[in-house]
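Welcome! Take a slow look at the model below, and then we will walk through its charged pairs and its nonpolar core.

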Amino acid sequence: MLGPLELVDHDRPLALGGIKQRATLAFLLLHANRVVATSQLLKALWPTDEAPTSARKILQNAVWGLRGVLTAEDGAPSAPALLTQAPGYVLRVDPEDVDLHRFVRQVEQGRSRLASGAPQEAAVLLREALTLWQGPALSDLVETGIAWPELAAVEKGRLDAMEDYFEAELAGGRHRAVLGELETMVATEPLRERSCGQLMLALYRCGRQADALAVYDRVRSTLVEELGLEPGRSLRSLQHAILTHDPELSPAFPPAPAEPYTVIRVPEPVREAPVRPEPEPPAVRPPLTPVPAGGTGEREATVTERTQVSVALIATELECGEAGTPGGVCEKTDTALESVAAAIQEKAEYFGGTVVATIGPVSLVAFGVHDDDRHAADAAERAVHAGLAVRAALGSAAYAAVRPARRPAVRAAVVTGEAIVRYRPDDPAAPPTMIGSLLHNGQALLSRVPAGEVRVCATTRQWTEGAIVVSSAGDAAGGWEVRGTRREYPGERTVPIVDRDCELDLLGGLLGRTRHRAVPHLVTVLGDPGIGKTRLVAEFERIVTEQAEPPLFLVGRTPSFPEDNALAVHGEILAAACGIVPGESDERALGRLAATVGGAVADPAQAHSLVELLTPLVTPGAGDWRRTGPERARLLHAWRHLLVALAARRPLVLVVDDLHRAEDALLDCVEELVESAAAVPLLVVAAARPELLQRRPGWGAGRRHATTIGLDPLSDAAIDRLVEFLLAGDDSLRDAVGEETAARRSHLRKLLASGAPTGTLHHLYGRLRRPLALAAQPPLAV
C-alpha cells in the first residue's frame with residue numbers, strides 16, 4: 001500500500017483487475033479487520049451524487065473478483081479472507097502481511113525507543129519503517145482522482161515519522177548525515193515548523209549559523225503571508241538560542257560514525273494541479289525466495305536469481321606508448337584511464353545502469369537488475385543510449401589526455417537475455433555479480449565491433465526497434481550497428497494522439513492570445529518520462545503549421561549531457577531559423593545566417609554585429625564558447641535579440657524540449673527571453689519533467705505571462721481507443737494479444753500508461769508488431 005497497490009503471493013504479483021476492484025481492496029485494507037458498511041464503500045468508489053444506478057452491482061462484482069484473487073492456492077489458514085458481514089464487508093488479514101500496518105508498528109517501536117533515551121536504536125527502527133515506502137500511498141489510485149481522508153492521514157503519518165527519525169538522528173549527533181534530507185523536507189513542506197526547526201539545528205551544528213537564521217526568516221515570511229501567523233514558541237526560542245550560541249544546542253551524544261544506509265525519500269507535496277510527481281528511482285526488489293539463516297527467520301545477505309537483463313560491454317583503448325618512457329607507460333595514460341572510468345560511470349548511472357566490473361579496457365554495465373516491471377522492458381533501450389552517450393563523451397576534446405592528437409577509441413556491444421544475478425538487497429550501493437552465457441555472447445560480439453561503433457544483438461534489436469536506427473553488419477555473429485536514434489516508430493500507420501484535446505486547445509488559445517495582443521508567453525508542459533510531452537508538442541506543430549498563416553515554428557532539444565556542448569540547443573534553434581541543414585559547409589551556413597539576420601534587422605551595422613556574434617553557433621567552433629565570460633553573455637544576448645526580431649516580422653513558436661536537463665544558463669536565457677522581450681507575438685513552449693520544479697521551485701510562478709500544463713496519465717477510455725486502433729484490421733495481432741479479455745487489456749493499459757523512453761506510443765506499436773519481442777514479454781505472452 002505504501003506506493004502503488006500490489007498484491008504478492010510467494011513473490012508472485014497477482015492481477016487485481018480494474019480500478020473499482022483495486023479501489024475496493026484498498027479501502028478495505030485501510031479498514032482491515034473491521035466491518036465496512038456498503039454505503040461507506042459506495043461513497044469511497046464514487047463521488048457524491050455521481051454513483052450509477054448499477055453501483056451496488058458493480059461493487060458486488062468487485063467483491064466477487066477479489067475473493068477469487070485472495071483465495072490461497074494452498075489453503076493456508078493465514079490467507080486473507082473477504083467476508084460478508086452486516087452491514088457490509090470485512091477483510092480478515094494478518095497485519096504483518098500489509099506494509100502499512102508494519103510501518104505503523106515499527107514507528108511506534110521507534111518512538112518508544114526515542115522516548116526511553118536510545119536515539120540510535122530509534123533511528124534504526126524509524127529508518128527501516130520509512131524504507132517500506134515506495135512512493136505516495138496507493139499512488140496508482142491517487143492518479144485516478146481518488147482522495148480519501150484516510151490517505152491524507154497516512155501521508156501525514158509518514159511526515160510525522162520522518163520528523164521523529166530526524167529527531168533521533170539529531171539526538172545521536174548525526175546532523176550531517178540528515179542535513180540533505182532535511183533541506184528537501186523543508187523545501188516540500190515549508191509550513192511544518194518542527195522539521196524547519198530541525199533543519200535550523202542541523203545547520204547550526206554544521207557551523208552554518210547564518211543559513212540557520214535564514215531558514216527561520218523564510219519560515220516566518222511564509223507563515224505570515226499565507227496564514228497570518230507568527231512562528232510558534234519553540235521555533236522562536238530556537239532562533240534566540242542560535243543567536244546567543246546556547247550550549248544546550250550541542251548534541252547530547254558524540255557524533256556517531258558514518259555508516260551506509262538506505263536513503264529516506266522525502267514525500268512529494270500534495271498538489272492540486274494535475275502534475276504527476278517525478279517517478280522515484282527503481283527500488284531494490286526483495287529476494288524472490290527469502291532463505292532462513294540459522295533458523296532465526298533472517299534473510300541471507302546475498303540474493304541469487306535468474307532474470308532478464310541488458311548488458312553493455314564498453315571497450316576504451318588508449319595509445320599508451322610514449323617515446324622515452326620506460327615500459328611505454330606514462331602518467332598521462334593513467335590520468336586518461338581514470339577520466340575514462342569516471343565518464344563511463346557517469347553515463348551509466350544517468351541511464352539507470354550499474355557498472356558491474358571493469359577488466360582492463362572493458363567495462364561491464366548492467367541494466368534491469370533492480371528494475372521494477374515498468375522499467376524492465378526498456379532496459380535494452382537504456383543500455384543502447386548509454387553506449388552512445390559514452391562514445392559521444394569520450395570523443396570530446398576533454399579526453400585527449402594521452403596525446404593531443406589522439407582520443408580514446410570506443411566500441412560497445414549491447415546484449416539482452418537471461419543471466420544469473422547475485423546482489424545484496426541490504427546494500428544497494430554494492431554492485432551485483434553476473435554469470436551466464438549472455439556475457440560470453442556479449443564478449444564474442446564485442447570482439448567483432450570496430451572502433452567507434454556501437455552494435456547490438458538480435459534480441460536487443462527487437463526490443464529497441466522503435467527507438468534506434470540500425471544497419472546489418474553483414475553476418476548474424478557481427479550483430480547490428482547502431483546508426484542513431486529516432487523519436488517515433490516508423491510503422492505503416494500513425495498512432496493517433498488521444499486524451500490531449502484540452503491541452504491542445506489551451507496551447508492553441510495561448511498562441512492566439514500572443515498573436516492578438518503581441519505579448520510573449522511562456523508555457524511549461526510538465527509530465528513524467530514517456531507520458532507524451534514530445535508527442536503533444538509535435539501534434540501542436542502539425543496543427544499550427546496547417547493554418548492559413550502559420551507561425552514560424554522552431555524546435556530545439558536539450559542534449560542528454562549539456563556539459564558536452566552547452567550551446568547545442570541554441571545552435572539547433574538558430575540553424576532551424578536560418579534553414580541550415582546538417583552537413584552544410586561553413587560558407588553556406590554563414591551565408592544563410594547573414595541572410596536571416598539581414599531580413600530581420602534593418603540596421604546594417606547591428607546586423608553585421610549579430611552575424612559576428614552568432615557565427616560560433618552555426619560553425620564547428622561553437623564548443624569553444626562553453627566557458628563562461630563576457631563573450632558568452634554577448635552571444636546569448638545576440639541569440640535572444642535575433643529571435644525577438646524574427647517574432648516581430650512573423651509570429652514565432654519556440655519549443656525547447658527536455659528543459660529539465662538544461663544548464664542554469666539556458667534556464668535563465670529562456671526566462672529572460674519572455675520577460676525582457678518587446679511587444680512581439682512570441683510563444684515559448686518548454687517541455688520538461690517535474691524535476692525542473694525541484695531545480696527551480698519558482699519557475700513560472702507568479703508571472704502574468706506564464707502557464708504550466710501538467711499531463712495526466714491516459715484515461716481508461718483513451719487507452720481502449722488506442723488498443724482498438726492497434727488491433728484493428730490485424731488478425732495476427734488479435735490472436736497474439738487476446739480477444740477482448742480483461743486480463744490482456746489490463747496488461748496493455750499498464751504498458752500504455754507506463755510510457756516508453758521515446759515518449760511516444762509508436763514504441764508500443766513497434767512492440768506489438770515484433771512477434772519475438774512480444775513472446776518474450778510476460779504481460780503479453782500467450
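A salt bridge is a side-chain nitrogen of Lys or Arg within 4 Å of a carboxyl oxygen of Asp or Glu. By this rule the protein has 26 salt bridges. Side chains of opposite charge can pair when their charged atoms come close.

Before going further, note that this is a predicted model, in which local features need pLDDT of at least 70, side-chain atom pairs count only at pLDDT 80 or more, and totals for chains, interfaces and linings use all residues. Residues are numbered from 1 along each chain as its sequence is written, and side-chain values use heavy atoms, leaving out hydrogens and water.

| Salt bridge | N to O distance |
|---|---|
| Glu 167 and Arg 194 | 2.3 Å |
| Asp 657 and Arg 557 | 3.2 Å |
| Arg 696 and Asp 664 | 4.0 Å |

Helices (H or I, at least four residues) and strands (E, at least two) are DSSP runs, numbered from the N terminus. The protein has 29 helices and 20 strands. Glu 167 sits in helix α7 and Arg 194 in helix α9, 27 residues apart. Asp 657 belongs to strand β18 and Arg 557 to strand β17, 100 residues apart.

How covered are these residues? A residue is buried under 20% relative accessible area, exposed over 50%, and partly exposed in between (1.4 Å probe, protein chains only). Asp 657 counts as buried because its relative accessibility is 3%, whereas Arg 557, at 25%, is partly exposed. Glu 167 is partly exposed at 34%, and Arg 194 is partly exposed at 33%. Of the 782 residues in the protein, 47% count as buried.

Now for the inside. A nonpolar core is a set of buried Ala, Val, Leu, Ile, Met, Phe, Trp, Tyr and Cys residues joined through side-chain atoms within 4.5 Å. The largest one holds 79 residues, and Phe 103, Leu 138 and Trp 148 have the most contacts inside it. Helix α7 (residues 149-171) gives this core its largest share, nine residues. In soluble globular proteins, nonpolar side chains tend to be buried together.

Which residues does Trp 148 touch, leaving aside its neighbours within four places in sequence? Counting a contact as heavy atoms within 4.5 Å, its partners include Phe 27, Leu 30 and Leu 138.

Helix α7 also lets you check a length. The expected span of a helix is 1.5 Å times one less than its number of residues. The 23 residues of α7 should therefore span 33 Å, and the end C-alpha atoms are 33 Å apart, which agrees.
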